[in-house]
Amino acid sequence: FQLVLISIAMTSSFQRQWGKVIKVMSSSTSSASPSFDILQIFMKDDGTFPNNELYPTLIYKHAFHGSESEGRRLIVNKNEWTEPWVWGIFSYHHYHTKAWELLLCVCGSASIQLGGDDGPTVKIDKGDLVLIPPGVAHKQLEEGGGFSLLGSYPTFRFDGRIDTCRGKPTDEERKRIHECYVPKTDPMFNLNIAEVCSSSAQWSESDLT
């Protein structure tokens with residue numbers, strides 16, 4: 001299996017485009033595996049939810065084409081991500097302060113709102129891989145086709161108990177968000193997460209329609 005990323009512009013001080021869905025990478029895989037795009041969404045503190053101004057939510061669109069059991073094996077293969085749960089997303093805005101959250105859609109589709117009541121809505125389809133940084137609010141709006149996700153968290157510096165926070169964070173919760181471990185790579189394609197997060201945008205939201 002070979003993965004090649006194209007159209008990447010790395011800078012040390014790129015401009016974050018708050019609340020916008022930006023395509024930052026496209027992949028070209030072997031002829032046996034279709035290509036996919038990576039979307040990036042930065043969210044500011046909206047006065048209620050802290051979100052995360054350092055790291056964006058990442059969405060790998062149509063990146064996975066295997067079964068639920070194959071997805072589970074890939075996630076836990078290197079023991080860097082926890083054994084995944086299978087479910088959907090809460091229908092109310094919430095966020096986590098103790099770990100990044102990995103979501104792999106293995107069935108159906110759903111509309112997910114990020115960042116709070118004024119945040120953007122994105123559609124998650126079967127085969128999409130989502131990486132949500134600590135602090136970023138998210139909720140499920142609509143779903144269809146038996147929507148189901150595999151959910152997982154990095155094993156490093158994680159006590160096995162994820163928190164679910166709503167509303168303004170406490171000082172301790174803000175501290176946990178700021179100090180939270182950033183996973184080195186995603187479990188599917190072994191891409192450097194910090195580098196993907198700091199890639200400059202190549203396409204705007206209007207180019208995605």
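**Entry 1: a salt bridge to start**

I began with D163 and R176, whose side chains meet in a salt bridge at 3.5 Å, N to O. My cut-off for a salt bridge is a side-chain nitrogen of Lys or Arg within 4 Å of a carboxyl oxygen of Asp or Glu. This pair links distant parts of the chain: D163 sits in the loop between β10 (138–152) and α2, R176 in helix α2, 13 residues apart. D163 is buried at a relative accessible area of 13%, while R176 is partly exposed at 29%. I call a residue buried under 20% relative accessible area, exposed over 50%, and partly exposed in between (1.4 Å probe, protein chains only).

A note on ground rules before going further. This is a predicted model, in which local features need pLDDT of at least 70 and side-chain atom pairs count only at pLDDT 80 or more, while totals for chains, interfaces and linings use all residues. Residues are numbered from 1 along each chain as its sequence is written, and side-chain values use heavy atoms, with hydrogens and water left out.

**Entry 2: the whole chain**

I counted three helices and 11 strands in the chain. Helices (H or I, at least four residues) and strands (E, at least two) are DSSP runs, numbered from the N terminus. Along the sequence the pattern reads β-β-β-β-β-α-β-β-β-β-β-α-α-β. The chain has 209 residues, and 50% of them count as buried. I also looked at contacts (heavy atoms within 4.5 Å). Of those with a separation of 6 or more, 73% come from residues 24 or more positions apart.

How many salt bridges does the structure hold? I get 11. One of interest is D45 with R174, where the closest N and O atoms are 3.1 Å apart. D45 lies in the loop between β4 (37–43) and β5 (52–61) and R174 in helix α2, so the pair ties together parts that are 129 residues apart in sequence. I checked cover on each side: D45 is partly exposed at 29% relative accessibility, and R174 is partly exposed at 39%.

Next I went to D128 and K61, with closest N and O atoms 2.5 Å apart in their salt bridge. Here D128 is in the loop between β8 and β9 (129–132) and K61 in strand β5, a link between distant parts of the chain that are 67 residues apart. Both D128 and K61 are buried.

E101 belongs to strand β7 (residues 101–114).

The E101 side chain has one with the side chain of H138 at 3.1 Å and one with that of Y153 at 2.8 Å. Beyond four places in sequence, the contacts of E101 include W85, H96, V130 and L131.

**Entry 5**

β7 and β8 pair in the antiparallel sense over five bridges. Strands pair if DSSP finds at least two bridges between them. Q113 has T121 in β8 as its bridge partner. Six residues sit between the strands of this hairpin, where G115 takes a positive phi near 90 degrees.

V122 is in strand β8 (residues 121–125) and is buried at 9% relative accessibility. Leaving aside neighbours within four places, V122 is in contact with residues including V21, I41, I59 and A110.

Most residues other than glycine have a negative phi. N79, not a glycine, has a positive phi of about 60 degrees. N79 is in the loop between α1 (68–76) and β6 (85–87), exposed at 62%. N190 also has a positive phi of about 60 degrees without being a glycine. N190 lies in the loop between α2 (171–179) and α3 (193–197), partly exposed at 44%.

Conventions
A polar contact is a pair of N or O atoms within 3.5 Å; within protein, one must be able to donate a hydrogen and the other to accept it, and residues adjacent in sequence count only if both atoms are side-chain atoms.
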